[in-house]
Structure formats: structure tokens, C-alpha cells
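Take a walk through the helices and loops of the model below. Keep the structure open as you read.

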Amino acid sequence: MSDTAEPTVACRTAATTTSLDASVSNGLTVRSQNRIEHYSRAIQRSGSCLRISYSSPVTPTQSSRRAVFRRIANISYYDWPAYTATPLYDRSSTGGLEEDVRVLATVWFDHDAHDSIAEFVAHWPLAYVAFDAHDRYSESTTYDMETLFRGFLLKELHGWEHETALRSYLKNHPSLRECLGFETVPDQSTLWRSWHRRFTAELRSTVETAVRTILIKAQNADVAVPREPERHLPSHGDEEDESNLDEQAVLDEAATVTDHVSHVVFPAFSLHRGDSCEIHENAFWDLQTYLGLRERLAANEGARSFVYESTRNRTPLGHSHREHIRDLSIPQTREMYRQAVNRLLDEVAETEQFFRAGIVAIDITEADPFTGDRTGYEDEIIGTKEKTDEYAYQWATVQLVGNVVPIVLDARPVRKGESRLEIVEDLLDSAKEMVHVDNVLMDREFDSQHVLEMLSQRGLSYVVPKRMQTSEKAQAKRLLQREQDRYETDRKLHLGKNEWHETTLIYRRKENSEHDDHRQYSVFMTNTGSGFLTEYGYRWEIESGYRSIKRFMAATTSKNFGLRFFYFAFACLLYSIWRAVDLLVQVELTGEYEHSPIVTADNTLTLLKKETGIG
């Protein structure tokens with residue numbers, strides 16, 4: 001939208017604009033059809049505009065807005081407004097308002113009729129927000145707080161430094177100005193005083209946070225934005241993210257938190273030895289952590305170095321360490337892992353920044369190719385996922401993804417002959433004992449119709465890329481000829497015995513593809529709307545996480561399956577501890593959680609090396 005083009009706006013009359021209070025008090029958070037009806041009522045009663053039509057051929061309608069809230073109502077891990085779902089927020093809580101804009105913008109911009117950030121600002125329902133708590137003026141004023149809030153959103157979205165630019169914009173766009181609630185054009189001094197003196201610092205910060213969220217969500221949905229949003233993407237590496245926080249303060253807090261977490265988590269592990277052993281069991285977890293601290297360090301070499309770096313009088317030798325680990329069965333290792341992760345989840349769940357529900361990703365990773373003799377181990381050293389002539393150990397995981405801390409909930413080995421259905425059911429059963437699962441993301445190796453049917457039978461939504469067969473390739477070619485970027489169609493997948501699984505195929509054209517044929521397209525299967533394709537982007541966290549996990553693994557040439565799996569599982573635990581410690585440190589120092597770590601993996605491992613299992 002240009003600064004000069006005048007939008008055509010149809011505004012509500014005062015008689016038809018009412019508060020959301022009634023719909024909130026009547027049960028806005030109730031699920032199922034009642035919840036959907038209340039959301040629909042909310043969209044009818046909120047905002048001051050029915051339409052803001054720029055040059056775009058599509059604009060928000062009552063139907064499109066209802067579709068947005070219908071989707072929010074149908075997704076159990078979305079709660080809007082946030083204050084109705086948790087006692088942590090009330091109507092004046094800026095934290096709840098920031099959560100609301102994240103939820104609403106995520107769904108809003110994914111609708112085909114919503115292609116303008118100004119329209120979002122005008123249609124964002126705000127009647128329920130108690131702005132009075134953030135109004136430092138006591139006398140009567142010309143402009144109410146909600147109107148000014150929308151105006152300053154517009155100013156920050158464009159990145160204007162001075163109020164004069166906002167005033168000029170409102171003057172040149174009278175229809176939009178009326179839609180936002182400005183009956184007259186405010187002068188520059190009024191806007192300046194409103195921002196600097198009337199708004200609290202907390203509310204100003206919320207405007208800035210909301211603007212960043214709107215810009216990112218709009219850009220992710222390919223909606224034009226007036227400026228590039230500042231993104232804090234997770235590095236998932238060992239490089240420390242740039243931060244305004246004092247480095248020593250971060251390390252000091254990380255030391256305290258790591259000490260506490262280690263006391264909580266590591267007691268879940270046991271070697272089941274007798275009480276009279278000369279070497280304390282914690283020394284074995286110390287050594288295992290030490291092996292993860294140094295890349296590609298094997299037990300024998302690590303044990304020799306650990307003698308000099310440990311403060312313990314007695315430490316295990318490499319061969320003794322391996323023997324005790326080999327005595328652990330795979331079910332024992334998994335049970336100890338789950339107990340440790342449950343303890344970890346309980347710790348992070350004490351913060352309001354952790355949401356114990358939502359999206360999980362299931363995936364399989366493989367170790368480095370195995371080049372030795374695998375005779376007698378063919379069921380454990382299996383082929384690679386890419387169907388090459390190489391062989392490797394494979395491990396499957398289920399992990400939290402999305403806007404939560406990326407903790408690996410469970411891990412298991414993959415053996416020859418195991419079906420993908422068996423693997424997914426096993427990991428889902430484990431995950432659902434720890435968190436509430438709504439949506440499952442998987443890679444294309446899980447595009448089995450029986451896996452998809454099982455997920456639907458459990459009431460779970462899924463997004464899975466489909467391997468392109470002859471029919472999909474042909475359809476992609478037709479889309480390419482028509483220069484069509486997106487296409488959606490229903491498909492029935494045969495389950496056998498005249499039974500079918502109904503799914504939806506969504507073709508999406510890749511940006512800047514290196515191919516000039518059907519490979520420009522990806523095909524996804526889902527039992528929900530196309531909006532969930534955006535959430536599939538969360539899956540990349542698993543691949544990034546695997547790189548860190550493998551970096552935490554001790555090196556070994558042993559073929560012992562139990563030992564190999566323990567090394568992988570313990571690396572998953574170290575990774576999860578790192579991410580949990582980072583969340584707790586961020587919350588303690590800033591009161592917020594940004595996905596990008598401020599505590600490095602090396603920081604955490606070094607501190608764990610000192611504190612592992614003591615207590």
C-alpha cells in the first residue's frame with residue numbers, strides 16, 4: 001500500500017460496535033461448537049471497520065474473519081484471549097496481549113483474503129483489553145487508549161521515527177483514520193505526549209513486541225511489509241548469540257541454574273551397582289558428560305584426561321565405564337531417560353514462558369556410515385534413509401518444536417524390520433505421558449497411509465511431505481504450465497479391505513528453486529487446513545538439533561547396540577538440559593524467552609562437568 005493511495009473503507013456505526021465483555025463472560029474459552037460461536041460473535045462485535053479495501057482484489061470479510069476464529073477455536077493449544085485460559089494473565093496483562101497477537105497474526109495472515117498489515121491493525125479485536133491500567137492520564141482526553149494503541153502500531157510497523165510521519169499518514173488517509181478511531185487528525189504534540197507521557201513503558205514495549213510479531217507473521221505468509229522485521233532466529237550451534245546482557249551475569253546465572261538442574265535430572269540415572277563400590281556412581285555421569293564436552297572423544301582417551309581435570313579422588317577407567325554402560329538394557333536406558341526429562345519438564349513448567357502442549361516432531365537420524373564388518377549385526381546396523389549402499393545405526397526421536405523450548409522427549413533405536421507405524425506409536429505413547437500433543441510433524445519417510453490413519457484415529461492433526469509418484473509428478477507439471485504456485489485436492493489412500501484414509505494433498509511451489517521441472521513443487525499431506533504448512537517449518541529445528549546432539553556424543557567403535565544407544569540418548573539429554581538451562585537463565589535475567597540461546601552449549605557442558613549428579 002502506498003502512502004498516497006486512499007483506501008476505500010466501510011466503517012461500523014457506533015450503534016453496532018459493542019464490547020467483547022459479553023462474549024467473554026458467556027464462555028469465550030469453551031471448546032467445541034459453543035466456543036466457535038462465541039469467537040464468531042467476538043469478530044462481529046469488535047473493530048470499527050467492516051472492510052479496508054486498498055488496490056488488492058481480496059479484503060477481509062465477516063466470513064474470512066469468522067474463518068480465522070473458527071480455526072483458533074478448533075486448535076486446542078490456541079487460547080484467545082489468553083487471559084481466559086490462565087490465571088497468569090488478566091485483561092490488563094501486556095503478556096497476555098502479546099500472546100494474543102502471536103496467535104491471531106499466525107492464523108490471520110494465512111488466510112487468502114488477508115494481505116495487508118493495516119487491515120490487521122484495524123480488525124484486531126481489542127475491546128476486551130483493559131488499557132486503563134496503562135493510562136497515566138487521569139483527566140478526560142480527546143483520543144481513547146485503544147485508538148492511540150492502533151495508531152502507534154501503525155507508526156512502528158512503518159518504522160517512522162517521528163510522530164509527524166504518522167500524523168501526515170492519517171491526514172492523507174481519512175477513511176483509514178476513521179476506521180482506526182480517530183475522528184480528527186491529532187497534532188504532533190498530542191501524539192508525542194501520548195507516547196512518551198501517557199503510555200506506560202510497559203505498554204510501549206508491548207507495542208514494539210506486537211509490531212515485530214505482526215511483521216514476522218505477515219512476511220512468513222508472503223504478505224508485503226513496509227520494513228524488514230528484526231528476527232532473532234535460533235542458532236542451534238555453539239556460537240553465543242549477541243546480547244545486551246552482561247556476559248558474566250549470564251555465566252553466573254547459568255552456573256546457578258545448571259547446578260540446580262543437575263541435582264534434579266541426573267538422580268534419575270542409575271547403574272544399579274552395589275553400595276560398597278569404591279568409585280562413586282556420579283563419577284560415571286561426570287565422565288560421560290566430559291566425553292560429550294570434547295568432540296569425538298572416546299572413553300579410553302577421555303578417562304585418561306579426566307583423571308587430571310576431575311576433582312574426584314577416584315574416577316573410572318575407560319573399559320570399566322563401557323562395561324557398566326553395556327550392562328544397561330535399552331528399556332532401562334529409555335526409562336531412565338524419560339524420568340530425567342519429566343524432571344526437566346517439571347522445572348521449566350514453573351515458568352509462564354513454557355507451554356506444556358502443542359506440536360511435536362518425529363524423525364529418524366543416522367550415525368556416521370559404518371565401514372566395518374557388520375556380520376551378526378545386520379538387524380542393528382541397517383541401511384541409510386537415502387537408500388544408498390551404505391550402512392549405519394539409526395535412532396528415532398520425538399521432540400517439542402514451535403514456540404517452546406526444543407526438548408527431546410524420548411528416543412529409541414531403529415531395528416531392521418520395524419514398521420514406521422510401530423515407531424510412531426511407540427514415541428507418541430511416550431510423549432503423550434509427558435505433554436499434551438495436538439499436532440505431529442514428520443518427514444516424508446513417514447508418508448505411510450497406515451501411520452496417517454493412526455494419527456487421525458487418535459484425534460491428532462498432521463503434516464507430512466509426500467514422496468512424489470507418477471500422478472503427483474504429472475499434477476506438478478500441469479501446475480508449472482499454468483504458473484500456479486499452490487494447489488489443494490482431496491485424496492483417498494487405500495488401507496486394504498476396502499478401507500480408505502482421507503487426506504488432503506497440498507502442492508506448494510518452492511521459491512528460487514534450482515530446478516525447471518516438477519521438482520519445483522513439494523507435496524504435503526495433512527488432515528487440517530493448508531495453514532498448517534507454515535508450522536511444518538518448525539521441523540527444521542530437529543535437523544539443527546541433531547547436529548548439536550551428535551556433537552555431544554562420545555566416540556566409539558563398539559558394535560554393542562546398548563552402548564551405542566546410551567551414547568545417543570545421553571547426548572539428547574545434554575542437548576535438552578542445555579536448552580532448558582538457557583530458557584531458565586533468560587527468564588531469570590530478562591523475564592522473557594527468546595528462542596535464540598544466550599547460554600552456549602559449551603558453557604552448559606562445562607558447568608555440568610563440574611556439577612553432574614552431585615547431591
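Exposed means over 50% relative accessible area, buried under 20%, and partly exposed in between, using a 1.4 Å probe and protein chains only. Glu-483 sits in the loop between helix H18 (470–481) and strand S10 (486–496). Helices (H or I, at least four residues) and strands (E, at least two) are DSSP runs, numbered from the N terminus. The phi of Glu-483 is near 55°, a positive value in a residue other than glycine.

The model is predicted: local features need pLDDT of at least 70, side-chain atom pairs count only at pLDDT 80 or more, and totals for chains, interfaces and linings use all residues. Residues are numbered from 1 along each chain as its sequence is written, and side-chain values use heavy atoms, with hydrogens and water left out.

Asp-222 also has a positive phi, about 65°, although it is not a glycine. Asp-222 lies in the loop between helix H10 (201–220) and H11. Asp-222 is exposed, with a relative accessible area of 62%.

Helix H11 (residues 247–265) packs against helix H21 (residues 561–590) at an angle of about 130°, with their axes 9 Å apart. Axes are lines fitted to C-alpha atoms, for helices over the stretch in contact, and angles run from 0 to 180 degrees between N-to-C directions. H11 is therefore oblique to H21. Angles under 35 degrees count as roughly parallel, over 145 as roughly antiparallel, 65 to 115 as roughly perpendicular and the rest as oblique. Residues in the contact (heavy atoms within 4.5 Å) include Val-257 and Val-261 of H11 and Ile-577 and Leu-584 of H21. By class, this contact of H11 with H21 has twelve nonpolar, one polar and two charged residues. Ala, Val, Leu, Ile, Met, Phe, Trp, Tyr, Cys and Pro count as nonpolar, Asp, Glu, Lys and Arg as charged, and the others, Gly among them, as polar.

Now turn to helix H7 (residues 163–172). Its buried residues are Glu-163, Leu-166, Tyr-169 and Leu-170. They cover an arc of only 120° around the axis, so they lie on the same side of H7. The arc is that of the directions from the helix axis to the C-beta atoms. An α-helix has 3.6 residues a turn, so residues three or four places apart point the same way. The cover over the buried residues of H7 includes helix H6 (145–158), helix H8 (174–180) and helix H9 (188–198).
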